[in-house]
Amino acid sequence: MKSVIILESDHLAAVAMDMLNPNEMELIGIGNSYSDEWNVLDDEGNITDDFEGIAIMPIDLAVALQSDVIVLAAPTKEKCDGLRYMAIRAGYMNDIIFMSDLTTQFSIQSATLRRCAYRLNSLNIEGSIAELGCFSGNISWQLNALFKDRQLYLYDTFVGFDERDIEIEEKNHYSDAKLGQYAPKNPDAIMERLPYKDNVIIKKGWFPMSAQNEEDEKFAFVFMDACLYQPTYKGLEFFFPRMSRGGMILINHYDSPIYEGVEAAIKDLEAKYGVFLIVPLGDFQGSIMIVHP
């Protein structure tokens, strides 16, 4: 059994915690720069053992524990490099694992897409495919390849986050999302990545207005990466009633401290319509799968 310290940025320690193998790795603490979360210091700044749950502490104190392994939980290599520098500067000499390296080389989400496609295609589940929030097309081309004989609808503003959605985020403190953030490549650039272009329809505009022509459509699989409350709420409200039996909706950022509006939207919908059949994927994106019964 190896002792583990997690050094985090962007509040990603919870994701790393869930992915640790409890048969091999024992978490002994978390180090971060969020002083309001530290529970090992008393009001005078002295170290105390009077706390509940996992020890959360400043990075230098976490490194001083000299665990067998440090896991760097950050969304990018640049941020992982910054945490690594802080650990080494504080005298750490043991193994360091970059979460960003693992998520670059291995994708739970892509594995899920492949297995879902195999099931839906082998069972001949009726319906088209849709993606809400395309960004650079990294998921779009996979959906097009995996469901090559099905219609694929790609919904996006193609100008980034809309001001109407940002207003709700700011009002409810769901996220720090900015107007125009995550503006994807232009539709032509995304289309160039797609292997079966004839089966793809680009739907540019604010959702759900951009889906007005698909009100009678049936869907087998939907990928939602809208990040914000309003498009998540409207997206699920639009797609779920139009899913075939056994159809699936994969939603990013449900377990995300960065985009809390996604979980809030789904909880509000459950309060209105009833509980969804939700399966957490346990991936770095905090994704869930909703299966239509």
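Q: How far is the sulfur of Cys80 from the closest cysteine sulfur?

A: A disulfide is a pair of cysteine sulfur atoms within 2.5 Å. The closest cysteine sulfur to that of Cys80 belongs to Cys227 and is 20 Å away, too far for a bond. Cys116 is likewise in no disulfide, and its nearest cysteine sulfur, that of Cys134, is 19 Å away. The structure holds zero disulfides. Please note that this is a predicted model, in which local features need pLDDT of at least 70 and side-chain atom pairs count only at pLDDT 80 or more, while totals for chains, interfaces and linings use all residues. Residues are numbered from 1 along each chain as its sequence is written, and side-chain values use heavy atoms, with hydrogens and water left out.

Q: Is Cys80 buried or exposed?

A: Buried means under 20% relative accessible area, exposed over 50%, and partly exposed in between (1.4 Å probe, protein chains only). Cys80 counts as buried because its relative accessibility is 0%. Cys116 is also buried, with a relative accessible area of 9%.

Q: Which residues touch the most other members of the largest nonpolar core?

A: In soluble globular proteins, nonpolar side chains tend to be buried together. A nonpolar core is a set of buried Ala, Val, Leu, Ile, Met, Phe, Trp, Tyr and Cys residues joined through side-chain atoms within 4.5 Å. The largest one here has 35 residues, and those touching the most other members are Tyr155, Phe219, Leu236, Phe239, Ile249 and Ile251. Among the elements giving two or more residues to this core are strand 10 (243–251) and helix 10 (260–273); helices (H or I, at least four residues) and strands (E, at least two) are DSSP runs, numbered from the N terminus. Apart from this core lies another, of 24 residues, including Ile139 and Leu250.

Q: What does Ile251 touch?

A: Contact means heavy atoms within 4.5 Å. Not counting residues up to four places away in sequence, Ile251 touches Met224, Leu236, Val262, Ile266, Gly286, Ser287, Ile288 and Ile290.

Q: Where does Asn144 lie, and is Asn144 buried or exposed?

A: Asn144 belongs to helix 6 (residues 140–146). Its relative accessible area is 1%, so Asn144 is buried. Beyond its neighbours within four places in sequence, Asn144 is in contact with residues including Leu152, Tyr196 and Lys197.

Q: Where is Phe106 placed, and is Phe106 buried or exposed?

A: Phe106 sits in the loop between helix 4 (99–105) and helix 5 (108–122). With 61% relative accessibility, Phe106 counts as exposed.
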